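This report covers salt bridges and backbone angles in one model. Please keep the sequence and the 3D view open while reading.

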Amino acid sequence: MLTFPQIDPVAIDLGFIKIHWYGIMYLVGFFFAWYLGRYRIRKGYFNVSLNRFEDLLFWCILGVVLGGRLGYVVFYNLSYYLWNPLKIFAFWDGGMAFHGGLIGVTTAMLYFAYREKKHFFEVTDFVSPLVPLGLAFGRIGNFINGELWGRVTDVPWAMIFPGSDDQPRHPSQLYQMMGEGFLLFLIVWIYSSKPRRLGKVTGLFVLGYGIFRFLAEFAREPDSQLGYLALGLSMGQWLSVPMIVLGFVIFVMPMKRRTQDNSNINLPKT
């Protein structure tokens, strides 16, 4: 059994304000999205100015933060937050739902595509490779917070998390960091490095995340207020099922470009 590293969730305490590792991990994720996005634009993968990209990133960040938080409130603990509405704004305590963040980011990308007169999947194909690293760092934040731990196990790398029942558990946050984070990043980044039909990169990302999240949930302890749902699956698994179906449909659906710009991303293969 491994020892859980007792990392103080507060990285910097200035007295009048506390900076949490959880928030820092989100900033690191946003930085990588900004850096990789600028790299892809300079390489010609998306025909948009750097200033317009930063506008897109700003709206996506709002979508992640607001959608992720509201998604957690609605999907995972609605009754608690109805009685404690001010806790909705306590982001530093953790509690962000990817599926809610996905809805928020999708809304931001729809708005950007409409404003810039681009096909929606042009935008999503560009954004999809930028997302997994942010997910990886978010899971590191969960691990430092000692939250969202795994199920009881006897594997050699099990840990006893603070605030748990003192039983050794899977470090499921690290599983998710590797699966839906670093591994998904490599898959989507490499796949998107060559011209693909419109929507293929988006479909691969949605499908890949859904599969990795569904599998990781077998090692993750379901939220105590929800427990196991129908068929013995967790809320995270049930929310991942439509992603798997939708991602597969998008990936296999033949689509062509509608725009006439000169960017070299998503050009149909002949």
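D55 and R115 form a salt bridge, with their closest N and O atoms 3.7 Å apart. D55 sits in helix α2 and R115 in helix α4, so this pair ties together parts that are 60 residues apart in sequence. Here a salt bridge requires a side-chain nitrogen of Lys or Arg within 4 Å of a carboxyl oxygen of Asp or Glu. Helices are DSSP runs of H or I with at least four residues, strands are runs of E with at least two, and both are numbered from the N terminus.

## Basis of the values

The model is predicted: local features need pLDDT of at least 70, side-chain atom pairs count only at pLDDT 80 or more, and totals for chains, interfaces and linings use all residues. Residues are numbered from 1 along each chain as its sequence is written, and side-chain values use heavy atoms, with hydrogens and water left out.

## The network around D55

D55 also meets R52 in a salt bridge, at 3.7 Å from N to O. D55 and R52 are three residues apart in helix α2, so about one helical turn separates them. R52, D55, R115 and E116 are linked in a network of salt bridges. Side chains of opposite charge can pair when their charged atoms come close.

How accessible are these residues? D55 is partly exposed at 28% relative accessibility. R115 is partly exposed at 32%. R52 is partly exposed too, with a relative accessible area of 36%. The classes are buried (under 20% relative accessible area), exposed (over 50%) and partly exposed (in between), using a 1.4 Å probe and protein chains only.

## R38 and E54

The structure holds 10 salt bridges. One of them joins R38 and E54, whose closest N and O atoms are 3.2 Å apart. This pair links distant parts of the chain: R38 belongs to helix α1 (residues 21-42) and E54 to helix α2 (residues 50-76), 16 residues apart.

Is R38 buried or exposed? R38 counts as buried, because its relative accessibility is 15%. E54 counts as partly exposed, at 32%.

## Positive phi in two loops

K117 has a phi near 60 degrees, a positive value in a residue other than glycine. K117 lies in the loop between α4 (98-116) and α5 (120-127). K117 counts as exposed, at 71% relative accessibility.

L231 has a phi near 65 degrees, again positive in a residue other than glycine. The loop between α8 (200-216) and α9 (235-252) contains L231. L231 is exposed, with a relative accessible area of 74%.
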